[in-house]
Amino acid sequence: MERRKFVCEMLLTLMTLFHILLTCVDSASASGLGRRNLLANGLGRTPPMGWNSWNHFSCQIDEKMIRETADALVSTGLSKLGYTYVNIDDCWAELIRDDKGNLVAKNSTFPSGIKALADYVHSKGLKIGIYSDAGYFTCSKKMPGSLNHEFQDAKTFASWGIDYLKYDNCNNDGSKPTSRYPIMTRALMKAGRPIFFSLCEWGDMHPALWGAKVGNSWRTTGDINDSWESMITRADMNEVYADLARPGGWNDPDMLEVGNGGMTKDEYIVHFSLWAISKAPLLLGCDIRNMTKETKEIITNEEVIAVNQDPLGIQAKKVRMEGDIEIWAGPLSGYRVAVVLLNRSPFRNSITANWDDIDIPTKTVVEARDLWEHKTLKRKFVDKLTATIDSHACKMYVLKPIA
Ligand code: GLA
């Protein structure tokens, strides 16, 4: 009898201990995301700008093309405007790691290795980005992912001089991104080099809610393609999270398609304007070695870029929607306001921005700068501004209160 009582008591104690242990583990993992900021790399005070290989080249990449792209960023003047990241996407590595488990650059396409490429990119005053995946293989399945190799891979990237990591979510073990991504965050923090961390889990687990503790930007959508419909729906999905963007952590509606040929000039202007006002990363996705005058004109608009890079870092929102007519607005430094009047309809339309909607006190007299015409409008505006906008087109202004 005594013995049975003893065994029962022992069992109870063990169960209580087990319960306490479980509670601890639970709250520890929750506090990992809930309280502690795992990422303190100081990067991305304004949205990152640069170029990425995926939208135009997909898996057809090699070191010669990447080097030429770096050259083109400098020779076209794009780097001076802030486009400094040269980001290599999927397909840069061999499918098999070396005998020590290290990632190795694909010999047939990157024979000089990534370190040599990084040195070249750095010698041009630019930064270099690379791509991996929080799974066993990347999305192309042509190279390994970093799952269970996070610390080793982060060290490899740092040793090569990598400045930016895009981290995809394909072919994983079924666990949540909220447990897999922070491992790479810790690994990058230990790697001994500040590396911009771009989370690419396509918005599945609402990364805007937890991303700022884990990364410097987070995709809010699935992949963009080079069409009006795809572009405008990415902008919509991304807008929902506007309140959660801030310096050091940005909503990412995916990379730019400007210059890839699937949209009209006006549509690309809408694309660039919405990305800029949404404080989205401005990562070019065309072949900048061979871009047209029109493409260059769009992506080099310094006034639009300045809206994106404004130090306040506040993402604009849709402040009014009437069918296919929308007004997007957000504050800029110096009490200015950035506004996009957007016509999504197949017809030309007159659109009015009311001060009421865009957070300017009524009766305020405002000077309007048209960022695509590069003109400060002669007349001043009180209480509202109206413009006629073509189908699938927009106007973008910076409004400045005077007196
Ligand atoms: C995913 C990402 C894309 C690109 C590809 C590469 O689809 O969302 O941006 O990186 O993988 O395979």
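The tour goes from the whole chain to one annotated region, and then to a single residue.

**Before starting.** This is a predicted model, in which local features need pLDDT of at least 70, side-chain atom pairs count only at pLDDT 80 or more, and totals for chains, interfaces and linings use all residues. Residues are numbered from 1 along each chain as its sequence is written, and side-chain values use heavy atoms, leaving out hydrogens and water.

**Stop 1: the whole chain.** Along the principal axes, the C-alpha atoms fill a box of roughly 95 × 60 × 35 Å. Of the 403 residues, 52% are buried, where buried means under 20% relative accessible area with a 1.4 Å probe, counting protein chains only. Contact means heavy atoms within 4.5 Å. Among contacts between residues at least 6 apart in sequence, 71% join residues at least 24 apart.

**Stop 2: strand β11.** Select residues 336–343. Is this strand largely enclosed or open? Seven of the eight residues of β11 are buried, so the strand is largely enclosed by the rest of the structure.

- β10 (residues 325–332) pairs with β11 in the antiparallel sense over eight bridges. Look for E326 opposite L342 in β11. Three residues lie between the strands of this hairpin, and G334 there takes a positive phi near 70°.
- β17 (residues 393–401) is also antiparallel to β11, over seven bridges. Here N343 of the pairing stands opposite A393 in β17.

**Stop 3: A208.** Select A208, in the loop between β5 (196–199) and β6 (217–219). Why does A208 count as buried? Its relative accessibility is 3%, so A208 counts as buried. Show the residues around it: beyond neighbours within four places in sequence, A208 is in contact with W218, Y241, L244 and N251. Finally, draw a distance from A208 to G249: they are 41 residues apart in sequence and 8.7 Å apart in space, C-alpha to C-alpha.

Technical notes
Buried < 20%, exposed > 50% of the residue type's maximum accessible area, 1.4 Å probe, protein only. Helix = DSSP H or I, 4+ residues; strand = E, 2+ residues; numbered from the N terminus. Pairing = 2+ DSSP bridges.
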